[in-house]
Amino acid sequence: MSSPAPPTELVPSERAVVLLSCALSALGSGLLVATHALWPDLRSRARRLLLFLSLADLLSAASYFYGVLQDFAGTSWDCVLQGALSTFANTSSFFWTVAIALYLYLSIVRAAREPQTGRLLWAFHVVSWGVPLVITVAAVALKKIGYDASDVSVGWCWIDLEAEDRVLWMLLTGKLWEMLAYVSLPVLYFLIRKHINRAHEALSEYRPILSEAHRLQRHASVADKKLILIPLIFICLRVWSTVRFVLTLCGSPAVRSPVLVVLHAVRTRLFSVCCCCCSQPSAESPAGPPRPPAPSKTGESQGSRRAPVERPST
């Protein structure tokens with residue numbers, strides 16, 4: 001395996017951008033948590049999943065902020081602590097992002113019932129918190145977390161680049177789940193979008209008798225467009241860390257490019273906000289083909305007056 005590239009030096013402007021993005025991410029996550037606490041009417045299952053994603057991103061932003069602010073020069077106890085917290089939070093964020101997509105798929109496409117989604121929520125907790133915790137504890141116990149010279153991060157500690165099996169642990173502590181998300185998210189949201197398009201077609205059959213057909217179709221179209229944006233935003237924002245990961249493995253000096261460093265820093269903080277903005281309306285999308293409206297009471301009463309009364313034959 002090629003030796004690690006020289007350390008990536010962060011200039012003050014780059015460090016300021018990273019700190020600002022971490023602060024804004026923490027603020028956005030905090031606002032979502034406060035909204036969930038202050039308005040009980042908004043506590044749907046979909047928004048509860050967004051809450052857990054926000055908590056993971058809040059911890060991630062705080063640990064990244066501390067790492068960049070400290071400007072570590074080597075492995076120390078607080079470097080390991082910061083690396084462990086960011087590893088756990090970032091990996092958990094991947095799992096919760098996919099969990100939201102899976103929940104929307106089961107709720108909209110499969111029309112899962114309340115007891116089923118309740119059990120599914122517990123499974124999400126076990127996987128999204130438990131798996132990252134096990135991986136992080138193992139990495140700390142085996143002394144794999146440490147100073148990484150900012151080659152695969154942007155000023156914070158992660159996997160020690162001096163470890164012989166560093167590639168394996170980079171995959172286990174983030175990159176493997178990141179690349180799996182590149183595949184699973186587009187597939188799930190494509191299936192959701194396909195289902196909504198079928199609902200649009202079914203809706204068009206009832207347009208002559210549905211007074212609100214155009215309004216429903218317009219709202220569904222907005223949700224449809226946002227569903228397309230979610231996997232695109234995820235890939236566009238996350239791909240820069242994958243690019244730097246590959247460049248690090250190749251020992252390329254391009255890993256220290258200021259453009260890549262800034263994109264790597266900002267993309268992590270932006271995705272949770274974009275996901276929260278795009279996912280919530282999609283949870284309210286039509287779960288199946290619409291039904292024609294029931295006749296009004298006025299129509300029923302008029303029909304009953306017009307219908308002849310049958311008399312028993314004698």
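Student: Let me start with one side chain: is Leu31 buried or exposed?

Tutor: Happy to begin there. The general idea is a cut-off on relative accessible area: buried means under 20%, exposed over 50%, and partly exposed in between, with a 1.4 Å probe and protein chains only. Leu31 has a relative accessibility of 52%, so it counts as exposed. Before we go on, keep in mind that this is a predicted model, where local features need pLDDT of at least 70, side-chain atom pairs count only at pLDDT 80 or more, and totals for chains, interfaces and linings use all residues. Residues are numbered from 1 along each chain as its sequence is written, and side-chain values use heavy atoms, with hydrogens and water left out.

Student: Which residues make a nonpolar surface patch with Leu31?

Tutor: Patches are made of residues with over 30% relative accessible area and no salt bridge; like charges are joined within 9 Å, and nonpolar side chains (Val, Leu, Ile, Met, Phe, Trp, Tyr) within 5 Å. Here Leu20, Leu24, Leu27 and Leu31 make a nonpolar patch of about 410 Å². The areas come from the Shrake-Rupley method with a 1.4 Å probe, and for residues only the protein chains shown count as cover.

Student: How do I check the length of helix α1?

Tutor: The expected span of a helix is 1.5 Å times one less than its number of residues. Helix α1 covers residues 12-38, so its 27 residues should span 39 Å, and the end C-alpha atoms are 38 Å apart, which agrees.

Student: How many helices and strands does the chain have?

Tutor: There are eight helices and two strands, and from the N terminus on they run α-α-α-α-β-β-α-α-α-α. Of the 314 residues, 44% count as buried. With contact meaning heavy atoms within 4.5 Å, 77% of the contacts between residues at least 6 apart in sequence join residues at least 24 apart.

Student: What is Ser93 in contact with, apart from its neighbours within four places in sequence?

Tutor: Ser93 is found in helix α3 and is buried, at 0% relative accessible area. Leaving those neighbours aside, Ser93 is in contact with Leu53, Ala56, Asp57 and Arg238. For a second case, take Leu59 in helix α2 (residues 45-70), which is partly exposed at 31%.

Student: Which cysteines form a disulfide?

Tutor: A disulfide is a pair of cysteine sulfur atoms within 2.5 Å. The structure holds one, between Cys79 and Cys157, with sulfur atoms 1.9 Å apart. Cys79 lies in helix α3 (residues 77-109) and Cys157 in the loop between β1 (145-146) and β2 (158-159), so the pair ties together parts that are 78 residues apart in sequence. The S-S torsion is about -115 degrees, so this disulfide is left-handed. Cys79 is buried at 0% relative accessible area, and Cys157 is buried at 2%.

Student: How many salt bridges are there?

Tutor: Side chains of opposite charge can pair when their charged atoms come close. A salt bridge is a side-chain nitrogen of Lys or Arg within 4 Å of a carboxyl oxygen of Asp or Glu, and the count comes to two. Lys144 pairs with Asp165, the closest N and O atoms being 2.9 Å apart. Lys144 lies in the loop between α4 and β1, and Asp165 in the loop between β2 and α5 (166-204), so the pair ties together parts that are 21 residues apart in sequence. Glu178 pairs with Lys175 at 3.3 Å between the closest N and O atoms; being three residues apart in helix α5, they are separated by about one helical turn.

Student: Which residue has a positive phi although it is not a glycine?

Tutor: Most residues other than glycine have a negative phi. Lys143 has a positive phi of about 60 degrees. Lys143 lies in the loop between α4 (114-141) and β1, and it is exposed at 72% relative accessibility.

Key: Helix = DSSP H or I, 4+ residues; strand = E, 2+ residues; numbered from the N terminus.
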